[in-house]
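Colleague: Could we go through the salt bridges and the exposure of the residues that form them?
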Amino acid sequence: MKKKNVSEKKKKFRFPILMRIASLFLIALIISAVLTMVVSHRFMLEDAADQDKAVASVVATAAKTALGSHDAVQELSKSKKRREEMHSVFRYILSRTGAKYLYLYTVDEAEHKHNIVCAAADDEEDRRMNEQFGFGSRMSRPLYDAEREVLNGELNESYEFIDNDFGDVCLYVIPVHDDDKKIVALIGVDYATDTITNIVSDNVRILVLLGSLIFVIAYVTALLLVRGLVIKPIRNLSGRMKSFIKDRKLHIETSKLKKVFEDEITDIEGSFDEMANDISQYVEDIEHLASEKAQNQSQLDIAKMIQGGIVPREYGLMGNGYEIYGCEFSAKDVGGDFYDIFRADDRNIFLVVGDISGKGIYAALFMVMVKTSLREKLKSGSSLAEAMNTLNNEICVRNPGNMFATVFAMMLDTKTGVLKYANAGHNAPILLKEKPEFLETCGGIALGLFEDADIVDEEIQLGDGEGILLYTDGVTEAVNTKRKQFGSDRLNMCIQKSYSSNDHTYCAGLLANGIVDSVREYSEGLEQFDDVTCTALVYGGGYQKELTSDIASFRQVKRTMIESLGDNDRTRGMILACEEIFANIVHYSRADDVSFSSERSADTYSVMFFDNGIPFDPVKEDIREKDFEELDSGGMGILIARRNSKEMTYSRINDWNVLTLKFEV
């Protein structure tokens with residue numbers, strides 16, 4: 001399932017801060033209003049009850065005062081006129097106090113109520129009440145708690161909220177005593193609570209409206225403050241951030257609020273200003289460093305490319321009775337180790353290995369100077385010691401970096417096996433014999449330290465199959481994760497293993513590569529800290545380069561190529577091309593002396609065939625594609641060699657045919 005692009009994703013609902021604040025205020029308003037109404041209503045009802053009680057008490061007291069004495073109760077029972085007068089008084093009291101009902105009654109032993117005088121504030125209610133509860137009427141309903149409390153003498157007066165046929169009222173009861181403090185009658189006052197409830201509701205509404213008005217004013221004020229002091233500065237800060245992202249160099253003026261007073265928002269703005277300055281400076285530093293790094297890396301790449309041309313990663317040279325192979329792996333992009341393999345003439349070959357102090361560009365430049373100067377002096381005919389002593393004096397005269405180099409140089413006479421050598425402070429080489437051993441040398445000091453290096457020429461005689469292994473200290477001083485060095489003993493074990501596994505013969509390429517692979521495996525998990533260079537020279541016996549005019553002798557060519565390149569499809573293709581050329585020499589050249597040599601550089605492998613047969617240039621030969629019926633007419637071998645090689649060259653030198661095939665590796 002494909003992931004949706006960011007633009008295709010559903011956008012989240014935007015809920016601005018002001019809307020959130022407004023929602024919170026609205027919820028708070030609703031909750032506050034409800035709580036206010038509930039609490040206010042409760043307290044207002046309590047106030048109403050107290051007011052009801054107070055009014056009823058006043059009405060009852062006024063009625064009792066109007067009644068006069070307890071004897072008046074008896075008079076009222078006997079005189080209708082007196083009852084009418086008292087009724088008028090009760091109505092007057094009701095009209096002045098706001099009470100709803102006022103009545104005088106007695107209670108017998110059976111708890112029956114007997115009405116004497118009753119009055120209502122409303123005319124219609126008064127008429128209905130007197131018709132139903134007029135003088136002498138009896139009520140058999142149970143007594144209220146307030147009436148019982150007064151009759152039992154528990155309280156001198158009492159009240160109770162009741163709901164009867166005349167509505168929801170507050171009943172207030174006060175006794176009428178005789179001279180003996182005996183209750184002869186009760187005065188009851190009913191005060192309508194709905195009146196108080198309406199008043200309470202009106203008060204609550206007024207309170208809610210007033211509170212809402214105050215709340216709205218506070219809310220609007222708060223929103224304006226939040227918008228001016230929070231939202232707007234945050235939006236401005238957001239805009240500054242977006243502008244900063246687009247153009248870090250764009251200057252945006254700080255908020256005006258910061259010029260008036262400081263708060264958390266201005267702190268954030270100040271922090272952003274500091275952060276923006278730090279980021280700008282950091283990015284400028286990074287860009288500057290990246291630019292410098294790119295330039296340095298470009299220079300390193302160029303230096304590495306130049307050094308690779310001067311000191312190839314691997315290089316081999318093979319000829320009649322000798323094989324030389326070298327490889328170098330720098331610890332940095334460019335290194336100070338070097339080796340050089342080149343011919344002095346048709347029988348002498350030079351091999352030089354050196355190690356420059358230090359690493360990096362300066363060491364690489366110093367290495368190039370040492371290598372090229374030494375090659376130039378050796379090619380001019382100077383002896384090994386003479387060339388190195390002269391170079392040492394030149395370095396000592398102009399060496400501002402106080403660099404020095406250890407160098408081991410040798411020259412092999414490929415016809416006699418005589419090996420001349422000179423050592424300038426380098427590691428002692430290993431003599432490749434049936435049992436390898438270190439070669440004792442009269443080594444002088446490293447080049448560049450002192451003017452009198454005292455480097456001398458020495459020589460030894462190599463036997464068939466013997467050779468010399470040269471290396472730098474990056475081989476023996478390589479360490480593993482336990483900080484133990486590779487060492488000379490382990491190097492000797494690698495040499496003996498290569499010798500035993502190769503039918504007790506030395507192969508320069510297999511030996512040098514095997515040692516480098518062992519060093520890398522030994523140091524696996526650690527960064528390479530020093531350059532590794534290893535070269536091997538093998539003379540005579542194990543490498544028979546002289547061939548016979550017999551196709552069977554091609555196995556020597558095949559063996560040499562497999563040892564150098566490995567047994568794979570590409571190598572077999574090269575072998576096929578060389579075999580076609582050799583078969584052409586054997587069958588058509590009439591040569592009685594045939595030989596070959598091979599040479600390997602970083603990306604090219606060259607095979608050269610020499611024969612004293614009749615002149616024939618296969619490069620200029622016009623070879624065309626042939627049908628199946630024409631395959632036995634010749635020319636197909638040359639066509640196969642052309643197709644399987646990168647380049648083919650021919651020359652005729654001193655009655656010898658020299659044909660060279662070059663292959664990509």
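Colleague: Is Glu147 buried or exposed?
Modeller: Glu147 is buried, at a relative accessible area of 0%; buried means under 20%, exposed over 50% and partly exposed in between, with a 1.4 Å probe and protein chains only. The model is predicted, so local features need pLDDT of at least 70 and side-chain atom pairs count only at pLDDT 80 or more, whereas totals for chains, interfaces and linings use all residues. Residues are numbered from 1 along each chain as its sequence is written, and side-chain values use heavy atoms, with hydrogens and water left out.
Colleague: Which side chain meets Glu147 in a salt bridge?
Modeller: That of Lys113, at 2.8 Å from N to O; a salt bridge is a side-chain nitrogen of Lys or Arg within 4 Å of a carboxyl oxygen of Asp or Glu. Glu147 lies in helix α5 and Lys113 in strand β2, so the pair ties together parts 34 residues apart in sequence. Helices (H or I, at least four residues) and strands (E, at least two) are DSSP runs, numbered from the N terminus. Lys113 is also buried, at 1%.
Colleague: What does Arg148 pair with?
Modeller: Arg148 forms a salt bridge with Glu111, the closest N and O atoms being 2.9 Å apart. Arg148 is in helix α5 and Glu111 in the loop between β1 and β2, 37 residues apart. Arg148 is partly exposed at 31%, and Glu111 is partly exposed at 32%.
Colleague: Changing topic, how many salt bridges are there in the structure?
Modeller: The structure holds 14. One of them joins Arg572 and Asp567.
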